[in-house]
Amino acid sequence: MTDAAPFITQALGLAAQALFLSNPNPRVGCVIASGAGAVLGQGFTQQAGGPHAEVVALRDAAASGNDVRGATAYVTLEPCAHQGRTGPCCDALIQAGIGRVVASIEDPNPLVGGQGFARLRAAGIDVQVGPGAQQSRELNIGFFSRMVRGMPWVRMKAAASLDGVTALANGTSQWITAPAARADGHAWRARACAVLTGIGTVLEDDPLLNVREVATPRQPHLVVVDSRLQTPLGARLFDVPGRRVFIYAADGHPDRAQALRARGATVIVLPNARGKVDLPAMLRDLGANGVNELHLEAGHKLNGSFLREGLVDELLLYLAPLLLGSGAHGLASWGPLQALADGVRMEFHGMQQLGPDLRLIARVAGRADF
């Protein structure tokens, strides 16, 4: 039997090409190969509403005049078994006469959850599951989070000096890091379903918070935590075409809410007992709106609230070889803690030098165990 590893590796590479494209659908790649190891067709999931990886690969094979009957489909996620905006991929594979399916991991979507494999096996197709499972899950950590936990994977991004300063006392923060790190930060924005910030950042910086430094076929949505609906109607955040703007408030302020809705914003009022936005409820609502990965780019106060409430899953930190001294703003305002054991224990997940700066990825210990 042909070794699956090279084809799954190729399929994972294809899945990575859907990184900026397929949200809110998972990033999936598919390679169809003959028993002799010849690639007959390949593809990856397209934009929402477009064909999934298996259908793209089948179409690629047909366009090349290749017969896929009896061939093996190597796919990085269980072929779907439900009717959404597109038809079930498992049915497409069955109708094409595929003889074997090698899949990396079961789909966590309860509408699929093993049903695709069951339908394939019922049709007499040999199914193998497991190769590339960890890589596929990592590529789709936000999709798994939304399907299993009902909320997005929250990634907090910050740029800081070596002594932890993210902005001077006067608010100056541009630019702590060099161009390579800033471009990399935009790539992480581009892979997210939504970018989140607070009203303080909107009022102080009037940011676009869109993707500019890398090419992307879509702009992530924008989420603003704005308890009192202070977002200016002329804010630049409304000037980015093709994205939704969600504004979460604690007080409805009907006139302000109506004006913001007229600007195209979706206004959701979710107060907690302290008169602030209920952040856990907000995350559940974003999950219900198809947000897989939430990219948090906020100031030290909102960052502190997310950490205090245990809502951060991952830290994306860019460190510049620079010291900026005391009296400035740090990553997050929370605490003070009384014991070291009260801190948020994290695990390093990746490290890379980008120009003069260092990118660190750290995850809250055990957070990905779902």
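## Salt bridges

The model has 16 salt bridges, counting a side-chain nitrogen of Lys or Arg within 4 Å of a carboxyl oxygen of Asp or Glu. Keep in mind that this is a predicted model: local features need pLDDT of at least 70, side-chain atom pairs count only at pLDDT 80 or more, and totals for chains, interfaces and linings use all residues. Residues are numbered from 1 along each chain as its sequence is written, and side-chain values use heavy atoms, with hydrogens and water left out.

One of these bridges pairs Arg 149 with Asp 313, with the closest N and O atoms 2.9 Å apart. Arg 149 sits in helix α6 (residues 141-149) and Asp 313 in the loop between α11 (300-308) and β12 (314-320), so the bridge ties together parts that are 164 residues apart in sequence. Helices (H or I, at least four residues) and strands (E, at least two) are DSSP runs, numbered from the N terminus. As for cover, Asp 313 is buried at 1% relative accessible area, while Arg 149 is partly exposed at 26%. Here buried means under 20% relative accessible area, exposed means over 50%, and partly exposed is in between (1.4 Å probe, protein chains only).

## A buried pair and a network

Arg 155 and Glu 293 form another salt bridge, and their closest N and O atoms are 2.9 Å apart.

Glu 309 is partly exposed at 30% relative accessible area, and Arg 274 is exposed at 60%. Bridges that share partners also build one network, joining Arg 27, Glu 138, Arg 155, Arg 191, Glu 293, Glu 314 and Arg 363.

## A positive patch

Arg 228, Arg 256, Lys 276 and Lys 301 make up a positive surface patch. Patch members have over 30% relative accessible area and no salt bridge, and like charges are joined within 9 Å. Arg 228 is in the loop between β8 (221-225) and β9 (245-249), and at 53% relative accessibility Arg 228 counts as exposed.

Most residues other than glycine have a negative phi, and most peptide bonds are trans. Here are some exceptions. The peptide bond from Asn 23 to Pro 24 is cis, with omega near 5 degrees, and Pro 24 lies in the loop between α1 (5-16) and β1 (29-33). The bond from Gly 335 to Pro 336 is cis as well, again with omega near 5 degrees; Pro 336 belongs to the loop between β12 and β13 (346-354).

On the phi side, Leu 209 has a positive value near 50 degrees without being a glycine. Leu 209 is in the loop between α8 (199-205) and β8 and is buried at 7% relative accessibility. His 253, not a glycine either, has a positive phi of about 40 degrees. You'll find His 253 in the loop between β9 and α9 (254-262), partly exposed with a relative accessible area of 23%.

Terms used:
Patch = residues over 30% accessible without salt bridge, like charges linked within 9 Å, V, L, I, M, F, W, Y side chains within 5 Å. Areas by Shrake-Rupley, 256 points an atom, 1.4 Å probe, with all protein chains shown as cover. Lys, Arg positive; Asp, Glu negative; His and termini not counted. Charge placed at Lys NZ, Arg CZ, Asp CG, Glu CD.
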